[in-house]
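Q: I have a model open and want to go through it with you. Can we start with how far to trust it?

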Amino acid sequence: MKVTVTNLMFCTALLATTGSGFPFERKGAVGKEKRVQYAAWDDVNVLAHGLLQLGQGLKEHVDKTKVQVRDITAKLKSFNGTVADLGKLAQRLQEDNNVLKARTEGLEARESQVLNISSELREKAEELLTEKQSVHERMDRLEERVNGAVQGDGLQGASGNFSDVRTIQGMMEAQNRRIDELVDRIKQQQEKLDKQNIRIRTLQNQIQMNLQSFLKRKDDVIPQNSSIEQRDSPLDTASDCHELFLRGETTSGVYTIKPLQSEPFEVFCEMTADGGWTVIQRRQDGSVDFDQLWQAYQGGFGNLNGEFWLGLEKIHSLSKDGNYVLKVQLSDWRDDTETITYPFRLSGEENNYSLHILDNTSRNLESALSTDPAGLPFSTRDKDNDQKSDINCAKHLSGGWWFSNCGHSNLNGRYFSTPPPKQRHQRKQGVFWKTWRGRYYPLKTTVMMIAPSEIENKS
């Protein structure tokens, strides 16, 4: 712009100084003589050159102005878009806040309901204690009367005493029925209370997840170079599948968990109506070879969406810090199913991952995995820990397992599709549960899963 103004001033001055050099007519004093004068050619060239420079400078200035106008227009459009997005975000946040407020009110109502139920349970428990105390007092009086009847004088008072005994027995039976009814009612109320607690925890987790989702969505919309503070609020990784269930997850599938004092790893979660189970073993089609060595059984192998063994170290890290139950699901080639559940504890590597079954009841079906009080160590063909002194059960049969001897159960044996092999020594290498279908019957599917023991109290 400065060059253009300078050129314009130069041209104006040039025109002023050379104005007398342009052609003009002049009359003499005496006659009518005409004389024409012309400007110098160099002056004309200078003037023309100045005009060209002026035009070129004006054109460049106009082009620069157009570019600046386009930039300003684009920035205004971007600013208008950001303002519109912020307006939409503000509207969505307002709507979400309304939804959260409604859910919070519902949560407070449910908490009030739970408190009322808890108060009722306490009152009923006090009533039950009072009834028990009354029953004990009546029992004491009844014992005194019975003793008096037994020590009575001969047969004269026998009929009366027997009548009193029958009356006392009737009273005792009535009291026992009433106590049983009260116990059943308390159990029902406790189940309702447990379900309400699960729903409340689920709602609390959903609200927390929604709040974090809103904050993340807000961070995505606001530009990074803005003055608004950015924040990250990631959820802590759950310690097992049941904790994921309590956080609102209801779909079975592969998830990442992180038990206490352990690195995170992936597991398959079986979500049920009552909670989340962590699957530790699955056999279904024979696609994975389970005749593996100790190191493989320790770390795990297979495909979480198909056949797999989770790994002894991972199972130990899951169950070492709480009370857990082991569920075993079996099916045969007629699609009949059976489910067995054990409270259990699994030792660490220093004790060869010994399995301790904590339920001392030894029913026939469960006895296929019964252990002694010292626990049953895990055994593979390259690390013989079974209780059979003359035979390596894992090598004699197949796969790794908690072998007491070689004949009760082995869910990690060879997978045989129907019909099974005819040779007896081959059939006993299969997947079997002796107390259900026999040692020489190869099962169709097996699933082993674990969960906190509280899940059994809710099912």
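Q: What is the mean pLDDT of the protein chain?
A: The mean pLDDT is 79, and 75% of the residues reach 70 or more; pLDDT is the predictor's confidence in each residue, from 0 to 100. Over residues 19-32 the pLDDT is below 50, and beyond near neighbours in sequence this stretch has 18 contacts in the model, a contact being heavy atoms within 4.5 Å. Residues 221-235 also have pLDDT below 50, with 17 contacts beyond near neighbours in sequence. Where pLDDT is low, the predicted coordinates should not be read in detail.

Q: How many helices and strands?
A: The protein chain has 10 helices and 11 strands. These are DSSP runs numbered from the N terminus, helices (H or I) of at least four residues and strands (E) of at least two.

Q: What share of the chain is buried?
A: Of the 459 residues, 35% count as buried, meaning under 20% relative accessible area with a 1.4 Å probe, protein chains only.

Q: Which residues of H6 are buried?
A: Leu-312, Ile-315, His-316, Ser-317, Leu-318 and Ser-319.

Q: Where is Glu-366?
A: Glu-366 lies in the loop between strand E8 (355-357) and helix H7 (393-396).

Q: Why does Glu-366 count as buried?
A: Because its relative accessibility is 14%. Leaving aside residues up to four places away in sequence, Glu-366 touches Ile-340 and Tyr-342.

Q: Switching to aromatics, how many pairs are there?
A: The whole structure has 11 aromatic pairs, where rings of Phe, Tyr and Trp (its six-membered ring) pair if their centres lie within 6.5 Å.

Q: Which residues form the aromatic cluster?
A: Phe-290, Trp-294, Tyr-297, Phe-301, Trp-309, Tyr-353, Phe-378, Trp-401 and Trp-402.

Q: And which charge sits over the ring of Phe-268?
A: The charged end of Arg-282, 4.6 Å from the ring centre. The criterion is NZ of Lys or CZ of Arg within 6 Å of the ring centre and within 35 degrees of the ring normal. Lys-327 lies over the face of Trp-277, at 4.1 Å from the ring centre.

Technical notes. Residues are numbered from 1 along each chain as its sequence is written. This is a predicted model: local features need pLDDT of at least 70, side-chain atom pairs count only at pLDDT 80 or more; totals for chains, interfaces and linings use all residues. Side-chain values use heavy atoms; hydrogens and water are left out. Buried means under 20% relative accessible area, exposed over 50%, partly exposed in between (1.4 Å probe, protein chains only). Rings of Phe, Tyr and Trp (its six-membered ring) pair if their centres lie within 6.5 Å; planes under 30 degrees apart count as stacked, over 60 as edge-to-face and the rest as tilted.
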